[in-house]
Amino acid sequence: MKNTKKEKHLHRIAFILLSIYLSIPQIGKREINDSYFDSQISIDNTEQSTLLLHAVDENLNLTEEEKEFLYQFKDLLEENPYLDCITTYQAMNELDIIYTTRGKEYPEKIVGIYIPSENVIKIFSKDNNLDTLIHEIIHCIFMNQKEGNLPEFFIEGMTELLANEYFEENPFLEENSYPFEITMVKILCDIVGPDIVLKSYSTGNKELLEEAISNKLGSNSSSRLLDNIDQLFKKYESGIPISEEEIKAITTSIDPYYHEKVEVDSIEYEMYLYNRSMIELLSTENPDIYYLFRLMSEGYYTKTYFSQKLQAKYPSNIKVLYKSDLSNTFEKQKKKEVF
Ligand SMILES: [Zn+2]
């Protein structure tokens, strides 16, 4: 009854894209490259999101309720020009969501996981399910990342930053999962621009991000910056103490950029000092707790990096004072997800 024109259009795109997808083995023999696909089909962002939601519609593993939930990812899908549409179509078309008890192979703090090889999301927690589900669905959407070599902190930080911007009631309050990873991703967004960060994340291309960092910071100090940050977060995740010197090795690569390129009394500079001071907490005895203390005493910034609706709602970057239920916050802080 409703919108039959749109339906026809949708089926046409789905048919074309699926035809391409199904004919990949044959095309492969004739040397495929990006321009081959470009010449065959070009769809705009709205068509892309419509098509991917069609994949959800046709999914045989999901309940109607789960499908309704996935439709809420429309904006995230529509606003990303770098999505690997074919891989994401397949991932969303065959995704399964299982609610189960946590296996012994997973640490207690893990409340959910996306397993790319099986294209399955497993949810372990009984409460706070939606946050976990959103995070894992975003991993599923960017399933193609597994082909790349992006650092873990970058994948988790971006995943959670996108989840916050597109779904959270209080999108700027990073108090749930991966607050330090998000902070680091924000610093990278400020240096190279959110567009490069989104492209690198969506395509799994680490070199793209490294090159952009080198261009901005100069190749000498930044050649191993991403790897150094990655090492730092690996230590943090494993509970190995981090020294102040290790953090300094990273901040001294970044500081000169802000000294030279950003006005000292600008909000950008202020935000960098704030984010930097959060990263410095990684060398304290209990970074998670100190993070919350700092958040509560200093507040946070309303800067949007990706969501267009959020950007329209909060067009300027201001500092906001913290108001939250403390006990609830601490409870949430204990929970984390893994890739
Ligand atoms: Zn994750």
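The points below treat confidence, helix packing and strand pairing in turn.

The structure is a predicted model, in which local features need pLDDT of at least 70, side-chain atom pairs count only at pLDDT 80 or more, and totals for chains, interfaces and linings use all residues. Residues are numbered from 1 along each chain as its sequence is written. The average pLDDT (the predictor's confidence in each residue, from 0 to 100) of the protein is 84, and 81% of the residues score at least 70.

**Confidence**

- Residues 22–40 keep a pLDDT under 50, and the model has 2 contacts for them beyond four places in sequence; two residues are in contact if their C-beta atoms, placed from the backbone, lie within 7 Å.
- Residues 333–339 also stay under 50 in pLDDT, with 25 contacts beyond four places in sequence.
- Where pLDDT is low, the predicted coordinates should not be read in detail.

**Helix packing**

- Helices (H or I, at least four residues) and strands (E, at least two) are DSSP runs, numbered from the N terminus; axes are lines fitted to C-alpha atoms, for helices over the stretch in contact, and angles run from 0 to 180 degrees between N-to-C directions.
- Helix α4 (residues 45–57) packs against helix α5 (residues 64–71) at an angle of about 170°, with the axes 9 Å apart. α4 is therefore roughly antiparallel to α5 (angles over 145 degrees count as roughly antiparallel, under 35 as roughly parallel, 65 to 115 as roughly perpendicular and the rest as oblique).
- Leu 53, Val 56 and Asp 57 of α4 meet Lys 67, Leu 70 and Tyr 71 of α5. This contact comprises 4 nonpolar, no polar and 2 charged residues (Ala, Val, Leu, Ile, Met, Phe, Trp, Tyr, Cys and Pro count as nonpolar, Asp, Glu, Lys and Arg as charged, and the others, Gly among them, as polar).
- The axes of helix α9 (residues 152–167) and α10 cross at roughly 90° and come within 8 Å, so α9 is roughly perpendicular to α10.
- Residues making this contact include Phe 153, Phe 154 and Met 158 of α9, together with Ile 182, Met 184 and Val 185 of α10. By class, the contact of α9 with α10 has 7 nonpolar, 1 polar and 3 charged residues.
- Helix α10 (residues 179–192) also packs with helix α16 (residues 267–280), at an angle of about 145° and with axes 9 Å apart.
- Among the residues that meet there are Phe 180, Met 184 and Ile 187 in α10, and Tyr 272, Met 278 and Ile 279 in α16. The contact of α10 with α16 divides into 6 nonpolar, 2 polar and 3 charged residues.

**Strand pairing**

- Strands β2 (residues 110–115) and β3 (residues 120–123) pair in the antiparallel sense over 4 bridges; pairing requires that DSSP find at least two bridges between two strands.
- Ile 115 stands opposite Val 120 in β3.
- The hairpin of β2 and β3 has 4 residues between the strands, and Asn 119 takes a positive phi near 55° in this hairpin.
- Strand β1 (residues 96–99) runs parallel to β3 and is joined to β3 by 4 bridges. Ile 97 has Ile 121 in β3 as its bridge partner.
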